[in-house]
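This report walks through one structure, part by part. Keep the sequence and the 3D view open while you read.

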Protein chains: 2
Amino acid sequence: MTAFSPNLMARPDCAACPIRHRAVCARCEADELAQLEKIKIYRSWKAGETILFDGDPMDFVGSVVTGCAMLTRRLEDGRSQMVGLLMPSDFLGRPGRSTAPYEVSAATDLTLCMFRRAPFEKLLVEVPHIRDRLLEMSLDELDAAREWMVLLGRKTAREKVATLLLLVLRRSSLPISGVARADLPITREAMASYLGLTIETVSRQMSRLRADGVITLEGLRKVSAPDLEALALAAGEDSDGATIA
Amino acid sequence: MTAFSPNLMARPDCAACPIRHRAVCARCEADELAQLEKIKIYRSWKAGETILFDGDPMDFVGSVVTGCAMLTRRLEDGRSQMVGLLMPSDFLGRPGRSTAPYEVSAATDLTLCMFRRAPFEKLLVEVPHIRDRLLEMSLDELDAAREWMVLLGRKTAREKVATLLLLVLRRSSLPISGVARADLPITREAMASYLGLTIETVSRQMSRLRADGVITLEGLRKVSAPDLEALALAAGEDSDGATIA
DNA sequence: TATAAATCTTGACCTGTATCAAGGCCGGCT
DNA sequence: AGCCGGCCTTGATACAGGTCAAGATTTATA
């Protein structure tokens, strides 16, 4: 995964985020860039590290530059459910909230571009387009969350795994259809956490998809799909190819 | 359920929405009210009616005044998952989008306060506080959706049913703890759709909760819980009593 | 009020996924 | 290189929730 401009500065042609950024106001883009530049801080974590625990103070917002971050909610008895998988250009945090409502951790080696909340919120007041894009992004996230609810509530284990692979392949590789290859950014455990399954079930379904010729694995982390349409079919997806962001 | 001001006009003391509206700008509230007043339309549906099918053009936004609306996504083979349950004061629709990404239907007799999209979006540009509240609301919705993902992915059938009852009881009745009573606004089928279960499983778990003394049923639609704490326990909820909006 | 049509409940049985357990693969460390 | 420890895969078994089916209760209609 290569480095991208963080979300709020992304241009419409940003390869990492084909869905999220529709247009950028030509008039004020330069200003935004300059102002954001002044208050940003980069920070990195190693794969597996926890960035914030549920309830921790969270005095920043930011976006993923490289790598992959996870948002996880835990029930008291230890059961846990991932509720967000943040890829490059995805936004993290919420203006107006100072406490993390879930655990944030690094799925892979991770770099975040962070803005302290106070100056960011000030900027939010001054530059209306940042707020507009934040609204756009939140609504996209909401759509994605709802799409994921369908997966969690109604899809079979096989469909769940296929859907996640499809998501990763669609985000990582350029072609709309045909052969697609990608590095799986997450462990089997993280996949299970995201899909509402156990590790064993994920593993079994990966094996089945491989046996059925829907996917190919090289090592544990490299997946490819000779035919994305076939994978989409296994994912039980609407034929219109609705995208899950 | 009594009538409330629709969401965007809600005051901080609005009984229906204790969570969503933190503050209203005193300076511009009057103006907003006047401007919104000019472009709003009320419309009602009977319980069970479909308001919009997935993919229908949606040239309005609005909020629930009375009753209860459902957002449902369907897979091609007929499986369906409810992805939103809108109660009085909840917002429906998305500025900038003209097509419904899910089916919208009336769970009970329903009245919406609607604004045609074009003038609403114009207002959005002119009155910044409306946009701010829309962002707040979207972020709250996102939190709620994520909380629901935990339910769908990790909770048992009993916990799921208890969580939904708790949600309804918390929204309908005033006391923080102690006895709570409410009308279930939705059928068993809708409950099943929301919880990612079958009707039969919902029914069985309702019976079990009743047998265990956690809830009481009068007729099919009136529930009460002698002890909300006990219900929260059955819901597998964090002890801090985190609210699902 | 009687009857019909929904909606809900309960039971018997089955299946998909979780659980428990053993072994294999791979990367890191000495 | 060889060993160790963390992932991952595979198998055997158990159980929660789904499916199918019958009946009960409620609501709508005549």
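The contact between the two protein chains takes 48 residues from chain B and 48 residues from chain A. Here, contact means heavy atoms within 4.5 Å. Between them the chains bury about 4,300 Å², with 51% of it on carbon and sulfur atoms. Three residues, B:Arg146, B:Met149 and B:Arg154, supply 19% of the area that chain B buries against chain A, more than any other three residues. Buried area is the accessible area (1.4 Å probe) that two parts lose on being put together, summed over both.

This is a predicted model, in which local features need pLDDT of at least 70, side-chain atom pairs count only at pLDDT 80 or more, and totals for chains, interfaces and linings use all residues. Residues are numbered from 1 along each chain as its sequence is written, chains are lettered from A and ligands numbered from 1 in the order in which they are written, and side-chain values use heavy atoms, leaving out hydrogens and water.

**DNA strand C**

Turn to the DNA. There are 17 residues around DNA strand C, and A:Thr201, A:Arg204, B:Arg188, B:Ser203 and B:Ser207 come nearest. Sugar and phosphate account for 63% of the atoms of DNA strand C that come within 4 Å of the protein. A residue is near a strand if one of its heavy atoms lies within 4 Å of it.

Which elements each supply at least two residues of the surface near DNA strand C? They are helix H6 (199-211) of chain A, and helix H5 (188-195) and helix H6 (199-211) of chain B. Helices (H or I, at least four residues) and strands (E, at least two) are DSSP runs, numbered from the N terminus. H6(B) gives the largest share, 5 residues. By class, this surface has 4 nonpolar, 7 polar and 6 charged residues. Ala, Val, Leu, Ile, Met, Phe, Trp, Tyr, Cys and Pro count as nonpolar, Asp, Glu, Lys and Arg as charged, and the others, Gly among them, as polar.

**DNA strand D**

DNA strand D has 18 residues around it. A:Arg188, A:Ser203, A:Ser207, B:Thr201 and B:Arg204 come nearest. Of the atoms of DNA strand D within 4 Å of the protein, sugar and phosphate account for 64%. H6(A) gives the most, with 5 residues. The surface near DNA strand D holds 5 nonpolar, 7 polar and 6 charged residues.

| Side chain | DNA atom | Distance |
|---|---|---|
| A:Thr198 | phosphate oxygen, DNA strand C | 3.1 Å |
| A:Arg204 | base oxygen, DNA strand C | 2.7 Å |
| B:Ser203 | phosphate oxygen, DNA strand C | 2.8 Å |
| A:Arg188 | phosphate oxygen, DNA strand D | 2.7 Å |
| A:Ser203 | phosphate oxygen, DNA strand D | 2.8 Å |
| B:Glu200 | base nitrogen, DNA strand D | 3.2 Å |

**Helix H5 of chain A**

Why is helix H5 (residues 188-195) of chain A largely enclosed by the rest of the structure? Because 7 of its 8 residues are buried. Buried means under 20% relative accessible area, exposed over 50%, partly exposed in between (1.4 Å probe, protein chains only). A:Arg188, A:Met191 and A:Tyr194 are among the buried residues of H5(A). The buried residues of this helix pack against elements of chain A, including strand S4 (69-74) and strand S5 (80-86), together with helix H3 (128-154) of chain B. A:Gly196 follows H5(A) and has a positive phi, near 70°.

All 7 of the 7 residues of strand S5 (residues 80-86) of chain B are buried, so S5(B) is largely enclosed by the rest of the structure. Strand S4 (residues 69-74) of chain B pairs with S5(B) in the antiparallel sense over 6 bridges. Two strands pair if DSSP finds at least two bridges between them. B:Met70 stands opposite B:Leu85 in S5(B). The two strands form a hairpin with 5 residues between them, and B:Gly78 in the turn has a positive phi of about 105°.

B:Gln205 sits in helix H6 of chain B. B:Gln205 is buried, with a relative accessible area of 12%. Not counting residues up to four places away in sequence, B:Gln205 touches B:Ala157, B:Arg158 and B:Val161.

B:Ala232 is in helix H7 (residues 228-234) of chain B. B:Ala232 counts as buried, at 10% relative accessibility. B:Ala232 and B:Glu159 are 73 residues apart in sequence and 8.9 Å apart in space, C-alpha to C-alpha.

How values were computed
A polar contact is a pair of N or O atoms within 3.5 Å; within protein, one must be able to donate a hydrogen and the other to accept it, and residues adjacent in sequence count only if both atoms are side-chain atoms.
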